[in-house]
Amino acid sequence: MNMEEAIEILNHNYHERVWDHNETARTEEEKMMVPWPGTEEEQIVISAHKDVGIFQKFHRHDFFFVNFAYRGDFKALTREDDQTITIHENDCYMAQPYSGYAVTADAGSENTIIAILIKRNGFFNEFFAPLSSSLKLFNFFLHAENDPKSDTAFYIPFETGEPIRPLVELMCIEYAGKDEHTQTILKPLVLAFFLYLMKRCEEIAVDEQVPLPLARQLEQYIRDHCAHISLQALADHFAYHPNYVSSYLKKSLGKGFSQIVLEQRMKNAKRILLYSSLSVERTAQMIGYPDPSNFYKAFREYYHMTPKQFVLDQRNRQQKKNR
């Protein structure tokens, strides 16, 4: 099967699926909610929308998705400030679950949009850990669990010739001819796709970065790499002696290397425990504690309660606040 054949199959499937809003829902938010388009067993769906001109109703969904402009440009409308973003060919638009969204494209040219759709639980189980090394993406993905009405999205432009397009084509061809192995094959392809998105996001962040004082650069680097950072690695990155870095941090920020690492790890742990379905053991590994017992000890000393007690306490507080 070639790519054009795959697009025809996926586009046919797209138009066969029920994308309509739930007209019987009780609230306006529920009416805009589009159901998961795949089977119950599927964690990943690849879809293609090919048309001369595209217009969608404004809608929401409860899964992650990335839209890739395979052919032509399209516009993405978000509810937030009625903002419209133009996504050019070879670029991506990534949105959180629940984010309001609508696509439009001019009627004068043919457009093809490839969509990569991922269930929330499947995303956190399969892809969140390797992507969490990017603090920007870490916050983006967890914000979806924290705010059910979030409109947060990323527009990620790519340079011509980058390998993102061949990855999309491989996913399309695999899903168009899907069999019992397809979900297993798609997982590493989607992970590679997301890792390229992460790499590109970091490149864009560096290009847009405003120079910071050295102390803030050191602090930011520690927070961005807190799961695997060491004082020696920090010093090597900035070409200083570890002793100088240690004393400079204490003098400039009033806290040392270990304290900054601990603060960020505990902050990350709190957000993962509250806003994702990952276990305490998996959370410990993600934030830099290979031995869960060390994580339990550090967490209890920091928050004065166990991770389980902390989650229950925060949820009780939220319930009281909502009454």
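Questions and answers on the model follow.

Tutor: This is a predicted model, where local features need pLDDT of at least 70, side-chain atom pairs count only at pLDDT 80 or more, and totals for chains, interfaces and linings use all residues. Residues are numbered from 1 along each chain as its sequence is written, and side-chain values use heavy atoms, with hydrogens and water left out.

Student: How many helices and strands does the protein chain have?
Tutor: Helices (H or I, at least four residues) and strands (E, at least two) are DSSP runs, numbered from the N terminus. On that basis the protein chain holds 14 helices and nine strands.

Student: What percentage of the residues of the protein chain count as buried?
Tutor: Buried means under 20% relative accessible area, exposed over 50%, and partly exposed in between (1.4 Å probe, protein chains only). The protein chain has 323 residues, and the buried part is 48%.

Student: What share of the contacts with a separation of 6 or more comes from residues 24 or more positions apart?
Tutor: Contact means heavy atoms within 4.5 Å. For the protein chain, that share is 72%.

Student: Which strands pair with strand 7?
Tutor: Two strands pair if DSSP finds at least two bridges between them. Strand 7 (residues 92-95) and strand 4 (residues 63-71) pair in the antiparallel sense over four bridges. Strand 9 (residues 153-156) and strand 7 also form an antiparallel pair over four bridges. The names are strand 4 and strand 9.

Student: Which residue of strand 9 stands opposite Cys-92?
Tutor: Take the two facing pairs in turn. Tyr-93 stands opposite Tyr-155 in strand 9. The residue facing Cys-92 is Ile-156.

Student: Are the side chains of strand 7 buried or exposed?
Tutor: Cys-92 and Met-94 lie on one side, with Tyr-93 and Ala-95 on the other. Both faces are covered, and the four residues are all buried.

Student: Which residues of strand 9 point to the buried face?
Tutor: Side chains alternate along strand 9.

Student: Why does Asn-90 count as buried?
Tutor: Asn-90 sits in the loop between strand 6 (84-87) and strand 7. Its phi is near 80 degrees, a positive value in a residue other than glycine. Asn-90 counts as buried because its relative accessibility is 16%.

Student: Is His-304 buried or exposed?
Tutor: His-304 lies in the loop between helix 13 and helix 14 (307-322). It has a positive phi of about 65 degrees, although it is not a glycine. With a relative accessible area of 68%, His-304 is exposed.

Student: Which residues is Gln-183 in contact with, leaving aside its neighbours within four places in sequence?
Tutor: Gln-183 belongs to helix 7 (residues 182-208). At 18% relative accessibility, Gln-183 counts as buried. Its contacts are Glu-42, Gln-43, Ile-44 and Tyr-175.

Student: How many Å apart in space are His-59 and Val-34, C-alpha to C-alpha?
Tutor: His-59 is in the loop between strand 2 (44-55) and strand 3 (60-61). At 11% relative accessibility, it counts as buried. His-59 and Val-34 are 25 residues apart in sequence, and in space the C-alpha to C-alpha value is 6.7 Å.

Student: At what angle do helix 11 and helix 13 pack?
Tutor: Axes are lines fitted to C-alpha atoms, for helices over the stretch in contact, and angles run from 0 to 180 degrees between N-to-C directions. The axes of helix 11 and helix 13 (residues 292-303) are 11 Å apart, at an angle of about 95 degrees. That makes the two helices roughly perpendicular, since angles under 35 degrees count as roughly parallel, over 145 as roughly antiparallel, 65 to 115 as roughly perpendicular and the rest as oblique. The angle asked for is about 95 degrees.

Student: Is the crossing of helix 1 and helix 6 left-handed or right-handed?
Tutor: The axes of helix 1 (residues 3-16) and helix 6 (residues 164-176) come within 9 Å and cross at roughly 60 degrees. The two helices are therefore oblique to each other. A crossing is left-handed if the near helix is turned anticlockwise from the far one by less than a right angle, and right-handed if clockwise. For helix 1 and helix 6 the crossing is left-handed.
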